Amino acid sequence: MAKTLSEGKDKKDYFIREAVIDDLDIIQKIYAYHVENGLGSFEELPPQSEEVHKRIIQARNLSLPYLVAEKNSSVKGFAYVSPFRNRSAYRYTLEDSVYVAPESVGIGIGSTLLSNLIQKCAALGFRQMIAVIGDSENQASINLHLKHGFSHIGVMPSVGFKFGRWVDSVRMQRPLGQGDQTTPN
Ligand SMILES: CC(C)(COP(=O)(O)OP(=O)(O)OC[C@H]1O[C@@H](n2cnc3c(N)ncnc32)[C@H](O)[C@@H]1OP(=O)(O)O)[C@@H](O)C(=O)NCCC(=O)NCCS
């Protein structure tokens, strides 16, 4: 019998772990699907595995989490953070990215990835997380972030042009740990 949405969410027949180099090709495929079919990313040409490799290594070198969700021995989604901006005063602020394989959306994988990411980044001492979401109509990503305590902080209207139309960039933000209630150590 086909698994219902709630069964999938309740049972959690997947688990979260750090990405390893063997995951590279499937991460590249999942991201390529969303680049080619959606507005969540403003990239238009999917990066090849070498570029995805560089991005994983960048996270590793900065000791930042790069997570995957594994189900039935196969990666079904990934999530990572990168510095929001490189200038030094931004050093307590991260930007998150979450992508789920098209056949595995709607069963809680994105939510579990994001909650793990938030937890890990708070434990590392970061204080703010920003989501930069392609498209004001990207309800899946906007609702996912709302569910995890992000607030809308603004919309940059029509800053992208993809699939023959202007696309907004939605900004959402949530504090991590003590946020701005204390100064960092
Ligand atoms: C956004 C995305 C990561 C969500 O992942 P997912 O595994 O399908 O999401 P989940 O099943 O964990 O759902 C978590 C919450 O997201 C929201 N959500 C997910 N899919 C939704 C949809 N199609 N419409 C509206 N809200 C949706 C809901 O609030 C949901 O919580 P609920 O089930 O309690 O209502 C996934 O749709 C995706 O990869 N999208 C394309 C890429 C993208 O835009 N990534 C974000 C860039 S930062």
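How many bridges join strand 2 to strand 3? I looked this up to start my notebook, and I found 6 bridges between these two strands, which run antiparallel. Strands here are DSSP runs of E with at least two residues, helices are runs of H or I with at least four, and both are numbered from the N terminus.

**Ground rules**

I am working with a predicted model, where local features need pLDDT of at least 70, side-chain atom pairs count only at pLDDT 80 or more, and totals for chains, interfaces and linings use all residues. Residues are numbered from 1 along each chain as its sequence is written.

**The sheet**

I stayed with strand 2 and strand 3 for a moment. Tyr 66 has Tyr 80 in strand 3 as its bridge partner. The hairpin of these strands has 2 residues between them, and Asn 72 there takes a positive phi near 50°.

Two strands pair if DSSP finds at least two bridges between them.

Strand 1 pairs with strand 2 in the antiparallel sense over 4 bridges, and Phe 15 stands opposite Glu 70 in strand 2. Strand 5 and strand 7 also run antiparallel, joined by 7 bridges. There, Ile 133 stands opposite Val 170 in strand 7.

I then checked Leu 117: leaving aside neighbours within four places in sequence, Leu 117 is in contact (C-beta atoms, placed from the backbone, within 7 Å) with Pro 65, Leu 67, Ala 79, Val 81 and Asp 96.

**Around the ligand**

Which residues are closest to the ligand? I listed Gly 40, Val 105, Gly 110, Ser 111 and Asn 143, out of 23 residues that surround the ligand. A residue counts as near if its C-beta atom, placed from the backbone, lies within 6 Å. Strand 4 (93–100), helix 4 (109–123), strand 5 (128–134) and helix 5 (139–147) each give two or more residues to this shell. Helix 5 gives the largest share, 6 residues.

Definitions and conventions: Two residues are in contact if their C-beta atoms, placed from the backbone, lie within 7 Å.
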